[in-house]
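Subject: Structure for you to look through

Hello,

Here is the structure I said I would pass on. Please open it and keep it beside this email while you read; my notes follow below.

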Amino acid sequence: MVSASQDGKLLVWDTFTGNKLVAVPLKSAWVMSVAFAPSANLVASGGLDNICTVYNIKAASPKTLRELDAHTGYLSCCRFLSDSEILTASGDTTCVLWDLETGKQKMVYTNHIGDCMSLALSPDMNMFISGACDSLAKLWDLREGTCKQTFSGHTSDINAISFFPSGNAIITGSDDCSCKMYDLRSDQEVTDYTDATLNAGVTSLALSNSGRLIFAGYDDFNCHIWDSLKGEKVGVLSGHDNRVSCTGVPADGMGVCTGSWDSFLKLWN
Amino acid sequence: MTINTLAKGGLHREQMSCFRKMEKVIVAMQDPDMGMKMRNQRLLITVIPHAMTGQDVITWLIQKYHISEEEALHLGEMLVRYGYIYPLKEPRCLVLRPDESPYRFQTPYFWTSTRWPATELDYAIHLAKKNIRKQGELMEYEKERYSQLHKRINHTWDFVVMQAREQLRASKQRRKADRIVLECQEQAYWLINRPPPGVQNMLDWALERPNNFSTQVPLNSDYYKSEIETSRRALGRNRVKSSVCLEGFIKYSEQYQNHDPIMQGCLPSNPWISDDIAYWTMNSEIVPVPTRLRVERWSFRFMELLSDAMGRREFMTYLEKEFSAENLHFWQACEEIRHGESSKIVEKVEDVYKNFLAPGAARWVNIDSKTMDKTLEGIKWPHRFVMDDAQMHIYFLMKKDSYPRYLKSDLYKNMLAKAVVPQETKKSVFPFMRRQRHSSPSPAQASAQAAEEDGRAGTNSAAGSHF
């Protein structure tokens with residue numbers, strides 16, 4: 001697992017033993033996003049410095065491989081496609097696909113009118129989705145660079161977005177305290193996950209492997225669990241002392257990890 | 001983030017409600033009948049009433065709310081960290097100690113919720129007072145902040161100094177005990193609202209983001225033109241009925257339910273709970289005998305089979321028997337072009353052409369003439385996606401033809417039969433020991449880092465058990 005905090009450090013953990021494997025000091029402490037390459041050789045981080053820095057952590061001491069500097073706004077999210085390509089979402093309302101070997105932009109995706117807050121890759125790697133502060137979620141074709149579909153319905157900034165594992169639906173979480181599921185093939189919103197007692201915005205979300213459970217981190221210091229098909233809340237993970245800022249489920253689907261402003265990362269099962 | 005300046009008295013949804021709850025607890029604590037026993041604090045010759053020990057706080061919480069000691073400790077700590085109770089012995093260390101260390105309630109005047117937000121002006125007055133009283137002997141960070149404030153609010157600096165002098169004069173006329181109490185209270189308030197560097201700011205939250213994005217988009221003709229264009233495109237898209245899509249989701253979830261460790265648990269046991277990594281060793285990339293669940297997944301969809309290294313190997317063996325292995329080789333070569341290094345693209349495309357597409361090639365693949373022509377044209381200017389059409393064609397060929405036959409073949413059925421279903425490991429007789437949950441020392445060498453780790457290790461084990 002890789003995590004970065006605004007104390008200026010990026011840490012790579014062996015989550016099972018709890019050991020920290022690598023510590024990378026960041027040039028800019030205002031980090032907002034990290035990503036792990038599927039090959040586990042590279043990590044990337046970025047934030048208010050507008051730069052996405054890619055590090056090689058398999059070298060004897062972590063080296064900066066590339067500094068991708070072309071955004072005019074903060075970096076809110078980054079995701080690796082492979083060891084040679086990375087997607088970034090930025091506060092300048094664009095998403096960019098970079099070629100890591102040359103360090104240049106391969107494709108710029110412009111259509112949002114608000115800061116892009118998060119992005120997610122489709123399981124087949126041909127498309128990706130992005131959520132932005134204009135309360136819209138957009139589906140993009142990676143190769144062509146065009147916005148294929150737009151989903152509206154939220155009334156505030158979309159902070160988190162994720163694909164349903166089958167690749168046919170997307171789930172979004174927003175500052176209006178609700179999550180929504182949009183179906184790609186029928187081009188509409190299908191479910192709304194709201195609860196009248198929940199008065200805090202959604203900061204992050206992750207799905208279990210079968211897609212049945214949605215783990216959403218909220219500003220009220222808890223991570224609530226929704227049943228994606230029934231649309232009901234089925235549980236809550238409480239234990240943090242401040243807002244939950246990030247959530248993740250590992251590839252083997254064994255559990256959930258939540259990170260919070262109380263500076264702790266907790267693994268739940 | 002659309003950032004806007006905070007309106008005075010603005011609604012901080014979640015934190016305000018937590019303050020109200022904490023205040024209810026504090027008021028209950030101070031209830032003359034049911035509340036806590038107060039003691040006196042001795043400070044040289046002055047006796048200051050209304051103090052209590054950390055242990056008192058915890059005992060009271062346990063009694064009143066019927067909670068465990070661990071939870072009472074955590075709750076008490078939150079009360080201290082948010083400034084409702086402050087320690088008397090070591091004011092800068094905001095921790096609730098379950099022993100004889102004295103604490104006192106913060107007066108409602110200094111509650112975080114009453115004086116929200118803490119203004120720069122007030123902080124400047126406080127620092128000015130301290131400066132005058134201690135004749136310049138402020139702490140380093142206080143000195144820095146004082147000079148920063150002096151620069152920032154220079155225009156009202158006279159007012160600041162005047163207020164500071166007034167307040168100092170007024171306090172001199174109070175009894176010594178009251179003066180000490182007031183100073184302690186003020187110091188505690190500012191420790192919470194302007195924490196020294198390195199201490200976590202409990203009141204840290206993002207700037208308020210009201211939803212008014214509609215006022216930011218200029219509703220001119222360009223905007224409407226693009227809206228019309230988007231809607232027109234949306235109309236032209238092929239759609240699937242949502243009922244069909246929803247059925248698809250249900251089917252997917254049901255199919256994968258047994259394969260989801262969170263829903264169904266996993267055999268032999270979840271490594272996170274039992275500390276036994278057998279599950280991971282059994283499911284690693286290449287094993288002599290794969291698990292049954294894994295082999296079952298190959299029959300769900302073609303991509304599942306292709307993305308699993310063992311699945312690919314098995315499928316390759318099958319195709320070799322059918323003399324159509326070149327299809328899978330071609331597909332794999334195309335994947336390498338798509339995801340590999342840019343510098344090698346030209347070379348790889350050449351290879352693929354020589355081996356698979358050239359007339360009379362050793363492993364010629366059967367592509368329809370239209371796609372073949374298009375690909376051969378594209379090869380003249382090779383790029384990452386030049387093989388996409390051909391790859392897609394072969395993918396569908398394998399999916400429609402070889403894949404279903406593979407699933408019906410003896411090879412697959414034998415694999416399924418041989419596949420192992422791991423036994424669930426017996427839970428040990430004794431209640432299993434929780435693994436020590438503390439931070440390992442960081443690879444970073446700075447001594448400051450080491451000091452931070454110790455602090456964190458302490459609090460982590462207190463906040464720990466959630467499994």
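Chain B has 21 helices and 4 strands; helices (H or I, at least four residues) and strands (E, at least two) are DSSP runs, numbered from the N terminus. This is a predicted model, in which local features need pLDDT of at least 70 and side-chain atom pairs count only at pLDDT 80 or more, while totals for chains, interfaces and linings use all residues. Residues are numbered from 1 along each chain as written, chains are lettered from A and ligands numbered from 1 in the order in which they are written, and side-chain values use heavy atoms, with hydrogens and water left out.

Of the 467 residues of chain B, 39% count as buried. Buried means under 20% relative accessible area, exposed over 50%, and partly exposed in between (1.4 Å probe, protein chains only).

The buried residues of H9(B) are B:Cys245, B:Phe249, B:Tyr252, B:Ser253 and B:Tyr256. They cover an arc of only 95° around the axis, so they sit on the same side of H9(B); the arc is that of the directions from the helix axis to the C-beta atoms. The face turned away from that buried side carries the exposed residues B:Glu247, B:Lys251 and B:Glu254. The cover over the buried residues of H9(B) includes strands E17 (169-174) and E18 (179-183) of chain A, together with H13 and helix H14 (302-307) of chain B.

Now the interface. In chain B, 72 residues are in contact (heavy atoms within 4.5 Å) with 80 residues of chain A. The two chains bury about 6,100 Å² between them, 54% of it on carbon and sulfur atoms; buried area is the accessible area (1.4 Å probe) that two parts lose on being put together, summed over both.

Chain B and chain A share 5 salt bridges, a salt bridge being a side-chain nitrogen of Lys or Arg within 4 Å of a carboxyl oxygen of Asp or Glu. A salt bridge joins the side chains of A:Asp187 and B:Arg237 (3.3 Å, N to O). On the side of chain B that touches chain A, H9(B) gives the most, with 9 residues.

Regards
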